[in-house]
Amino acid sequence: MNEIQKLSERLPAMNEIQKLTERLPGLVDKKMRIWIQDQAEDAEPQAAPMVERPLAKWEISEEGEHVRLYFNPCHFLAIPIASGSVTLKSEAEEVLLTAEDGRGKLLYKVLFSEQ
């Protein structure tokens, strides 16, 4: 596969990443509800519980492969944005980020809201 084909396959994800970087500054100090689902064939049958944390700050990793969502100055969740599908949907006062990690077989869902 040549570089142009690789880039064209990533264009939809790149558009979502652009939307993400435009939207995240306005979500700082909002509450995040985080779900991580293991999609591997040998995954545990019971899903991990939802976790609530505030969004203190965010950044794109140096390699551009992850978005880091910080809970405080030191602790963060790194969500892959370059290796799978990424979607960002807004509805009323909520924003839902969904990212699929094809390599790790994980599905990330982060709901940003006021409450």
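Leaving aside residues within four places in sequence, Y108 is in contact (heavy atoms within 4.5 Å) with W35, I36, L77, A78, I79, P80, L97, T98, A99 and D101. Before you click on, remember that this is a predicted model, where local features need pLDDT of at least 70, side-chain atom pairs count only at pLDDT 80 or more, and totals for chains, interfaces and linings use all residues. Residues are numbered from 1 along each chain as its sequence is written, and side-chain values use heavy atoms, with hydrogens and water left out.

Strands (E, at least two residues) and helices (H or I, at least four) are DSSP runs numbered from the N terminus. Y108 counts as buried because its relative accessibility is 7%; buried means under 20% relative accessible area, with a 1.4 Å probe and protein chains only.

Next, select V110. Which residues touch the most other members of the largest nonpolar core? They are L24, L69, I79, L97, V110 and F112, in a core of 20 residues. Such a core is a set of buried Ala, Val, Leu, Ile, Met, Phe, Trp, Tyr and Cys residues joined through side-chain atoms within 4.5 Å. Among the elements giving two or more residues to this core are α1 (3–23), β1 (31–38) and β8.

Last stop: S61, in the loop between β3 (57–60) and β4 (66–70). A polar atom of the S61 side chain lies 3.2 Å from the backbone nitrogen of E65.

Notes: Buried < 20%, exposed > 50% of the residue type's maximum accessible area, 1.4 Å probe, protein only. Polar contact = N/O pair within 3.5 Å; in protein donor to acceptor, adjacent residues only side chain to side chain.
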